[in-house]
Amino acid sequence: MIKNIENRPLVAPSLLSTDFGRLAKDIKRVERAGADMLHVDIMDGHFVPNITIGPVVVKYMRKVTNLPLDVHLMIKDPKKYLAPFVAAGSDMITVHIEVVSLKEVKAMAKDLKKKGIKFGVSLNPATPLSKIKPALKYVDFVLVMSVNPGFGGQAFIPSAVAKIKALRKIFKKDIAVDGGINAVTGKLVRQAGANILAAGSYIFGAKNVKKAINSLR
Ligand code: DX5
Ligand code: ZN
């Protein structure tokens, strides 16, 4: 498992909900508040109906923090862009199972392992668990989506809970969850077996960021 002090779940503030005009300040703010890693949402306008940032911004995130950068690739052709995100300083890279073959998963796993980068696969709410089963032995973690990817601030889709429970029975490594996470849904997914919680609007929308982060543990 990824660094997990005292068996507590790890909290990954999603920078999608930051004010990108004050990105460095917000990174420092969640760092001081005890974030375990930073969740970085990469969208290409093809895999999802939104566009965010690319390696050039990740590179500067890398310069302002030592927190692990957990890079979530919501892009149609992750293979093509893996190298630039590695070079930019990613510590964890997630690709979506909807757009990669098992052969590609194997190749990416091998490549990232050599570089000391943790590798994960993610699945959308509509994608059944059966779709990632063959990939499980090649990855360090699974990212279960609890919203349809594309935007922050959406409501949690409850079917994610059963999916996490079923996954926990067959997968002993890290299970991350992403979308609509707050103190209430956070508890549900923790009880189901998730141990990394990505949360954007709940954390950055809170008056007290530290309290919000702690409420997820
Ligand atoms: C959704 C992104 C999420 C998003 C979560 O497509 O992958 O990481 O930032 O935002 P909240 O926590 O507001 O649902
Ligand atoms: Zn994400």
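How far from an oxygen atom of ligand 1 does a polar side-chain atom of Ser201 lie? The separation is 2.5 Å. The close-ups below start from this contact and come from a predicted model.

**View 1. Ligand 1 and the residues that surround it.** Ligand 1 is surrounded by 19 residues. Ser14, Gly153, Asp178, Gly200 and Ser201 are the closest of them. Ser201 places a polar side-chain atom 2.5 Å from an oxygen atom of the ligand. His39 has a polar side-chain atom 3.3 Å from an oxygen atom of ligand 1. For His72, an N or O atom of the side chain is likewise 3.3 Å from a ligand oxygen atom. Taken alone, ligand 1 exposes 380 Å². The protein buries 100% of that area.

**View 2. The zinc ion (ligand 2) and its protein donors.** Four residues coordinate the metal: His39 through NE2, Asp41 through OD, His72 through ND1 and Asp178 through OD. The distances run from 2.1 to 2.3 Å. The site has 6 donor atoms and is octahedral. Angles among these donor atoms span 72 to 169 degrees. Along the chain, the donors of the zinc ion follow the spacing H-x1-D-x30-H-x105-D. His39 belongs to strand E2 (residues 38-43) and His72 to strand E3 (residues 69-74), so this pair ties together parts that are 33 residues apart in sequence. Both histidines, His39 and His72, are buried.

**View 3. The salt bridge between Arg217 and Asp36.** The structure holds 8 salt bridges. In this one, the side chains of Arg217 and Asp36 meet at 2.9 Å, N to O. The pair links distant parts of the chain, 181 residues apart. Arg217 sits in the segment after helix H8 (209-215). Asp36 sits in the loop between H1 and E2. How accessible are the two partners? Arg217 counts as partly exposed, at 23% relative accessibility. Asp36 is buried, with a relative accessible area of 5%.

**View 4. The salt bridge between Glu31 and Lys28 in helix H1.** The two side chains meet at 3.5 Å, N to O. Glu31 and Lys28 are 3 residues apart in helix H1 (residues 23-32), so about one helical turn separates them. Glu31 is partly exposed, with a relative accessible area of 29%. Lys28 is partly exposed too, at 33%.

**View 5. The salt bridge between Lys115 and Asp111.** Here the side chains meet at 2.6 Å, N to O. Lys115 counts as partly exposed, at 46% relative accessibility. Asp111 is also partly exposed, with a relative accessible area of 24%. Elsewhere, salt bridges that share partners join Arg8, Asp36 and Arg217 into one network.

**View 6. Lys113 in helix H4.** Lys113 has its place in helix H4, which covers residues 102-114. The residue is exposed, with a relative accessible area of 69%. Ile170 lies 57 residues from Lys113 along the chain. Their C-alpha atoms are separated by 22 Å.

Notes
Residues are numbered from 1 along each chain as its sequence is written. Chains are lettered from A and ligands numbered from 1 in the order in which they are written. This is a predicted model: local features need pLDDT of at least 70, side-chain atom pairs count only at pLDDT 80 or more; totals for chains, interfaces and linings use all residues. Side-chain values use heavy atoms; hydrogens and water are left out. Donors are N, O and S atoms within 2.8 Å of the metal (3.2 Å for Na, K and Ca); water is not among the atoms, so sites may look incomplete. Four donors count as tetrahedral if all angles lie between 85 and 135 degrees; four count as square planar and six as octahedral if opposite donors are over 155 degrees apart and all others between 65 and 115; anything else is irregular. Helices (H or I, at least four residues) and strands (E, at least two) are DSSP runs, numbered from the N terminus. Buried means under 20% relative accessible area, exposed over 50%, partly exposed in between (1.4 Å probe, protein chains only). A residue is near a molecule or strand if one of its heavy atoms lies within 4 Å of it. A polar contact is a pair of N or O atoms within 3.5 Å; within protein, one must be able to donate a hydrogen and the other to accept it, and residues adjacent in sequence count only if both atoms are side-chain atoms. Accessible areas come from the Shrake-Rupley method with a 1.4 Å probe; for residues, only the protein chains shown count as cover. A salt bridge is a side-chain nitrogen of Lys or Arg within 4 Å of a carboxyl oxygen of Asp or Glu.
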